[in-house]
Amino acid sequence: MNDVLHSTDTIAAQATPAGRGGVGIIRISGKKANDIALQLIQQQKYLQPRFAHFQKFYDNNQDVIDEGLVLFFPGPHSFTGEDVIELQGHGGPVVINSLLNRVLNLGARMANPGEFSERAFLNDKLDLAQAEAIADLIDSASEQAARCAIRSLNGAFSDHINVLVEQVINLRLYVEAAIDFPEEEIDFLADGKVEGDLQSIIDQLDIVFKEANRGVLLKEGMKVVLAGRPNAGKSSLLNALAGRDTAIVTDIAGTTRDVLREHIHIDGMPLHITDTAGLRESPDAIEKEGIRRAWTEIKDADRVLLLVDAADVQESDIKTLWPDFFAELPDLNKVIVVRNKIDKTDERSGVSELNSSHVINDVNEALSIELPTIRLSAKHGEGVDELREYLKKAMGYQSAVEGGFTARQRHLEALKQARYYLGIGQTQLTDNGAGELLAEDLRMTQNHLSEITGEFTPDDLLGRIFSSFCIGK
Amino acid sequence: MDYPKRYGVVVIGGGHAGCEAALASARMGVETLLLTHNIETLGQMSCNPAIGGIGKSHLVKEIDALGGVMARATDKAGIQYRVLNSRKGPAVRATRAQADRILYKAAVRHTLENQTCLDIFQQSADDLIMEGEKARGVITNMGVRFHSDTVVITAGTFLGGLIHIGLESHSGGRAGDPPSIALAQRLREMPFRVDRLKTGTPPRIDARSVDFSKMEEQPGDNITPVMSFWGDGSDQPEQVSCYITHTNEKTHDIIRAGLDRSPMYTGVIEGIGPRYCPSIEDKIHRFADKNSHQIFIEPEGLTTHELYPNGISTSLPFDVQLDLVHSMVGLENAHITRPGYAIEYDYFNPQDLLHSLETKFVEGLYFAGQINGTTGYEEAGAQGLLAGLNAALRSQEKEAWTPRRDEAYLGVLVDDLISMGTKEPYRMFTSRAEYRLILREDNADIRLTAKGRELGLINDTIWQQFSKKKEAIEQETQRMKDTWVQPDTETANKLNEFIERPLAREYSLMELMRRPELDYKKIAEITGENSVTGVVAEQVEIAAKYEGYISRQLDDIEKLKRNESMKLPTDMDYDKVKGLSNEVKQKLVECKPETLGQASRIQGVTPAAVSLLLVSLKKHRGAKPLATVSK
Ligand SMILES: Cc1cc2nc3c(=O)[nH]c(=O)nc-3n(C[C@H](O)[C@H](O)[C@H](O)COP(=O)(O)OP(=O)(O)OC[C@H]3O[C@@H](n4cnc5c(N)ncnc54)[C@H](O)[C@@H]3O)c2cc1C
Ligand SMILES: Nc1nc2c(ncn2[C@@H]2O[C@H](COP(=O)(O)OP(=O)(O)OP(=O)(O)O)[C@@H](O)[C@H]2O)c(=O)[nH]1
Ligand SMILES: [Mg+2]
């Protein structure tokens, strides 16, 4: 019985509550737990069971995400009865999130609410009396999930998902009809409709994903990185936003070397502000390492505030002075130029924005247009409120989809999966003409979208085929 | 009179379900009686003279993989073969054969008459012999009492059968056959939920009055496929063509003008008909904007002039039938040999069945075929086989065999019926199978024959043939995995001519076959090795092409098995499960799922409800059982 009950897939989730804490724990359970841990810490050797190993956690670029303890509890002597890994890292939501994402990329699946307990229960790790308690736990987890869905989704998110699901179903109608009714007069796959609809679903899903991502930011906080040349005033701005003297400020170029983080709220919305070392060519080994870390932060940011000294740099010059910076950025749409030290020039504080729907596609384009720009003085405070206002907007209010909504990491995961299968299905159709594989990928897409919302059976699908097309010899 | 011989299994009905049931049970060495109205109609095709098609061929091949007769009879009778979806992937390809009605019937009868442990008796079954709540035999209309361990009922459209042509109606089981009234009455007294369904058939046409030159010819495939795994096609008869014509505006006008005399539109027929095989009046009513429909003209056999016009099933009055036929190109002067008609009949709610097809209320009583709400020979045959083998297993005091959804279309069919019931005649489609990429017609033997052997359904000859094939596939797969091509070798260069991205590292032949530009044949040509037969090569190639998809489905199946292995007692008290909503409770009480997996597929049963069931199952495992024994 026990063997049958063993699940095949490996699950992972944050075990400590979301938010800031001294320590954040990620728990992984399942066959692949040990493998994932070894890849994460880039070691081949065997992990000694029930022993605290101090290790660095690496992302897929060999960059360090965090460092902390790894504990290995081989099944069946573990909480769930399966192989369990616990990663104890620093408790910041951002670090924990990157760590969790890395673990998911390595092959784990996001655990459902109560799933660890459920597995523990299924694997006979708990006795009858405990089972009573767990029953309540599973119960409450699902109820809570339901309540959360209602409260935090505001209905808006579900609506978007439902629209997507509906479109996937309509597409499946065509593909399934082509497969099950090949003797009809129309060839459902050949008329180009399927390809067009598929692309349109992909586009819409990408938009919803962006919105959901924003929703997650709303809940878990947006990561804003301060970047720029030495002495631009990054540390001063960090202090201004945090409202306290966190970072050392001097007029010596290259003051900041370590990455400094501050967690702040703007009208209740969480923000993670990161100060970094000034970017320049430096022979100094310590500074060099600081700059390398700065780049890691920049690449991982939701928004990059590019600080310049307004007195040094003409507004029109920024990009021409520094094209390599833009060339190295993964997403140019994240950049906001901050013209600091306007007390030294006669500029007025304020914000000039890009048309909100404008999407920058490449470096050349970025170099040719006006990037969103904020003029302020970190030292004297003018324009800092406008920056706050701007960041607030960037998080919640400025949304491509009417209204915006909140979402959770689990939803992002489901959307990512759905997107993945749509992509594969598209290749199967266009490269291989394999309708039956596209059908399978669409089924998976729908399953993943339905994890967020409702259910649908194949019989409904047939029912719709019969009512949409005249079919049958 | 009590018949002196006692049987392990008595099968009522000699249609497609009954024949497979009787043969399966007898193959397992259980003494079996096949009781049917008329020995002349054993294996009769009531409707279209064709076997197979999308989803259906999958069932035929599964029957074949378990030693059944349908595929082999088809190969003795098939006069036009086509592989449908041949340009799509292997998972959705389906073989379809026009079958000569007479040859088919003869092949089935020949098999029945030569099966050891099987007796045939011509007589109507009117009643069951009951022993408490168990079925223990059958009483015929002459009063002969056949005693047995189990009874399988496969009465098709005969229970309470009512035939309609226009507004006229009369009792009948099928044109020319009597209905089964006494048995229907008897079954209606039992606690089964009974309802009515209907189906129809087109008028038949005399080929001598048809102008084929005006119609499009549809020949069979160039290389004639074979239906059975165990045959080579050498016994197939002469091949002929089908033809295609169309309905037109005039046809549609004639039909619309006749609707006031249609039993369906005047409310005379209450039963629900199949949506995928609608009558022509239905098609015209529901898709009013289509001004033409495709009609296939199919031969009924080599020794008859009768034709089957596929697509104009109708219950309109005969004069309207005649006019509508004459309105079509090529049929202007057609003579109708038999009028089309609709038939209404009793069926039993399949939710009252267990997955073994034994009824929940009467031990030892099994239902199979059309009476469970399905339609089609293949659906009937597959259920017959399952009911027959399970009746035999019960007679042998062994545990039932119930294929899962991931093992066979047979599993999908039965599970769909039991979990969801059916409101219209149920027909198989590939889209009903979530594991479609694994459940292919080409691998039905690989999936099922070993199980069939274990159950005693497979004889030594077939078993040897199968084992040889299986071994060859395994060997060839291994060879393809173990043979490596190094980059920059002569072989690699030859391969590079065909593929987009040239080989950059060493590849096994198996990996290479995954590339869309390459297949088994091309690789064999280039590497100069090809020692295996076509069917073996096909299996190896499909395994490579579907690799990623199949392993993902296998993962899913692992998960499914977990829930599937959790049995729910049939009389489980859902009121005692904390936290279930009333709606879910009601659904569960109605469907009485046998396993947690089945419960999860019932519409409206949420994942949260499934967790609650799981918890309550686990909680009570080993302690006092949750089910309260009520008998
Ligand atoms: C008019 C009509 C149109 C159809 N159209 C289609 C179609 O378009 N497509 C399709 O896929 N399928 C169609 N079918 C259905 C197909 O014929 C059936 O699904 C299939 O034959 C069912 O097989 P079965 O074994 O369940 O029953 P049947 O083939 O009906 O066999 C029942 C057998 O049981 C015997 N029997 C019944 N009662 C008793 C008794 N009391 N005692 C002894 N013997 C008994 C009968 O004599 C008969 O031999 C149609 C059927 C009919 C009648
Ligand atoms: N006049 C004026 N001076 C400023 C302003 N903001 C920062 N400064 C000064 O600029 C100098 C450098 O400021 P920092 O905040 O340390 O600059 P930094 O970008 O963090 O520099 P590094 O850490 O070396 O990369 C300090 O002397 C600040 O007082 C401003 O708004 N106006
Ligand atoms: Mg600094």
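Biologist: Which residues come nearest to ligand 1?

Modeller: This is a predicted model. In it, B:A17, B:C47, B:S180, B:Q370 and B:G376 come nearest, out of 35 residues around ligand 1.

Biologist: What makes B:S180 a polar contact of ligand 1?

Modeller: An N or O atom in the B:S180 side chain is 2.7 Å from a nitrogen atom of the ligand. The cut-off is 3.5 Å, so the pair counts. Backbone atoms take part too. An N or O atom of the B:A125 backbone lies 2.9 Å from a nitrogen atom of ligand 1. For the backbone of B:H16, the distance to an oxygen atom of ligand 1 is 3.0 Å.

Biologist: How much of ligand 1 does the protein bury?

Modeller: The protein buries 97% of the 990 Å² that ligand 1 exposes when taken alone.

Biologist: Which elements of chain B each supply at least two residues of that shell?

Modeller: They are α1 (16-27), β2 (32-36), β12 (194-201), β19 (341-348) and α9 (377-395). Strand β12(B) gives the most, with three residues. By class, the shell has 13 nonpolar, 20 polar and two charged residues.

Biologist: Why are A:S235 and A:T256 called buried?

Modeller: Buried means under 20% relative accessible area. A:S235 has 9% relative accessibility, so it counts as buried. A:T256 has 12%, so the term applies there too. Helix α8(A) has other buried residues, among them A:K234, A:L237 and A:L238. Just after this helix, A:G243 takes a positive phi of about 75°.

Biologist: How many disulfides does a search of the whole structure find?

Modeller: Zero, over all chains.

Biologist: Is B:C19 buried or exposed?

Modeller: Its relative accessibility is 2%. The cut-off for buried is under 20%, so B:C19 counts as buried.

How values were computed:
Residues are numbered from 1 along each chain as its sequence is written. Chains are lettered from A and ligands numbered from 1 in the order in which they are written. This is a predicted model: local features need pLDDT of at least 70, side-chain atom pairs count only at pLDDT 80 or more; totals for chains, interfaces and linings use all residues. Side-chain values use heavy atoms; hydrogens and water are left out. Buried means under 20% relative accessible area, exposed over 50%, partly exposed in between (1.4 Å probe, protein chains only). Helices (H or I, at least four residues) and strands (E, at least two) are DSSP runs, numbered from the N terminus. A residue is near a molecule or strand if one of its heavy atoms lies within 4 Å of it. A polar contact is a pair of N or O atoms within 3.5 Å; within protein, one must be able to donate a hydrogen and the other to accept it, and residues adjacent in sequence count only if both atoms are side-chain atoms. Accessible areas come from the Shrake-Rupley method with a 1.4 Å probe; for residues, only the protein chains shown count as cover. Ala, Val, Leu, Ile, Met, Phe, Trp, Tyr, Cys and Pro count as nonpolar, Asp, Glu, Lys and Arg as charged, and the others, Gly among them, as polar. A disulfide is a pair of cysteine sulfur atoms within 2.5 Å.
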